[in-house]
Amino acid sequence: MEKLLFIYNPHAGKGRVRSKLAGILNAFTRAGCLVTVYPTQGPGDAAEAARTLASGFDRVACCGGDGTLHEVITGLLALPAERRPPVGYLPAGTTNDFSRNLSLPDGLENMAAVAAAGTPRPCDVGRFDDQFFVYVAAFGAFTDVSYNTPQQFKNMFGHLAYVLKGVSEMASLKGYRLRVEHDGGALEGEYLYGMVSNTVSVGGLIGLPSEEVSLDDGLLEAVLVPMPKTVADFQAAIRGLARQTYDAESGIVGLHSSRFTITCAEPVPFTLDGEYGGDHTRAEISAVSRPISIVYGT
Ligand SMILES: [Mg+2]
């Protein structure tokens with residue numbers, strides 16, 4: 001039997017994992033795995049469990065939100081490459097952006113079957129100075145919006161949630177004067193929001209068109225929203241985000257690059273995979289090519 005380490009966050013998604021646990025474990029066993037179960041004990045513990053336990057296993061399954069996945073992958077990256085087992089993801093959090101890349105089935109038991117027996121594919125991760133991110137490093141006005149808006153509200157109202165919350169805060173919008181260096185050159189300007197990602201979905205909404213995104217191409221995508229001067233500018237930017245049109249009319253910049261250097265005279269607060277990643281006047285961001293493997297649904 002394959003040895004599978006199951007790391008789960010018992011508090012993810014308001015604890016709904018706990019009621020499904022028996023079915024998940026049964027699905028692993030039915031798929032031919034001998035399972036070791038590790039419920040995380042608090043923040044940082046999923047990373048610690050992956051780092052200290054995973055190298056003895058054929059496969060790791062991770063159940064929780066994107067924060068739990070971030071921790072598990074960060075923990076695995078501390079291991080030598082040849083001792084990193086592939087990772088299956090059972091998304092059960094309030095933010096499950098990354099799972100949109102993986103063509104997973106519905107239902108935690110079905111996801112468990114995929115995690116145990118599906119085919120792993122290589123996946124890039126992002127390096128942010130001495131930290132890693134799985135799918136997004138972001139800063140600016142929308143950073144708060146995307147992670148403070150309750151998921152239910154976001155699902156019901158879609159991009160309207162962004163528009164309403166954004167407009168209500170326009171008077172207090174803050175821009176950052178940045179220089180952004182990338183493979184093709186450099187740009188400078190005042191930006192309201194920026195993100196560097198390796199995913200088809202951030203906040204369920206924004207990103208580059210999915211056909212332009214690949215998780216293992218050695219490239220990251222940047223989206224930069226300039227600081228609006230007027231409400232009309234702001235609305236054009238919102239429309240551009242919703243339609244993924246990055247052009248002169250929306251004012252939004254979309255780029256592919258293997259690396260970005262972002263500099264600013266004042267410290268810029270970043271989030272990495274939705275968690276606070278520190279304030280930075282200079283950030284070196286790059287794609288790390290295929291350091292891990294992730295299990296896909298199809
Ligand atoms: Mg990519």
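Modeller: I begin with the pocket and then go on to the helices, the salt bridges and some individual residues.

This is a predicted model, in which local features need pLDDT of at least 70 and side-chain atom pairs count only at pLDDT 80 or more, whereas totals for chains, interfaces and linings use all residues. Residues are numbered from 1 along each chain as its sequence is written, and side-chain values use heavy atoms, with hydrogens and water left out.

The largest pocket holds about 440 Å³ of space. A pocket here is an open set of points on a 1 Å grid over the protein atoms alone, where a 1.4 Å probe fits and protein lies on both sides within 12 Å along at least five of seven lines; a lining residue has an atom within 4 Å of a point. The volume is the space filled by probe spheres set on the points, which are joined across faces, edges and corners. There are 22 lining residues, and those closest to the centre of the pocket are N9, D66, G67, T68 and E275. Two helices, α1 (12-30) and α3 (66-77), each give at least two residues to the lining, and α3 provides the largest share, with five residues. Helices (H or I, at least four residues) and strands (E, at least two) are DSSP runs, numbered from the N terminus. By residue class the lining is made up of 14 polar, four charged and four nonpolar residues. In this division Ala, Val, Leu, Ile, Met, Phe, Trp, Tyr, Cys and Pro are nonpolar, Asp, Glu, Lys and Arg are charged, and the others, Gly among them, are polar.

R51 is partly exposed at 39% relative accessibility, and E48 is partly exposed at 36%.

The structure has eight salt bridges, of which two others deserve a description. E188 and R179 form one of 2.8 Å, N to O; E188 is exposed at 58%, and R179 is partly exposed at 32%. In another, of 3.0 Å, the partners are D216 and R290. D216 lies in the loop between β9 (185-197) and β10 (220-226) and R290 in strand β13 (residues 275-295), so this pair ties together parts that are 74 residues apart in sequence. D216 is partly exposed, with a relative accessible area of 27%, as is R290, at 44%. Salt bridges with shared partners also join R179, E181 and E188 into one network.

R290 has a further feature in its backbone, namely a positive phi near 50 degrees although R290 is not a glycine. Most residues other than glycine have a negative phi. S103, in the loop between β4 (87-91) and α4 (108-117), likewise has a positive phi, of about 50 degrees.

Strand β10 contains L224, which is buried, with a relative accessible area of 3%. L224 and G194 are 30 residues apart along the chain, yet 4.4 Å separates their C-alpha atoms. Beyond its neighbours within four places in sequence, L224 has contacts (heavy atoms within 4.5 Å) that include F139, V180, G194 and I252.

Over the whole chain there are eight helices and 13 strands, and 53% of the 298 residues are buried. Among contacts between residues at least 6 apart in sequence, 74% join residues at least 24 apart.

Definitions and conventions: A salt bridge is a side-chain nitrogen of Lys or Arg within 4 Å of a carboxyl oxygen of Asp or Glu. Buried means under 20% relative accessible area, exposed over 50%, partly exposed in between (1.4 Å probe, protein chains only).
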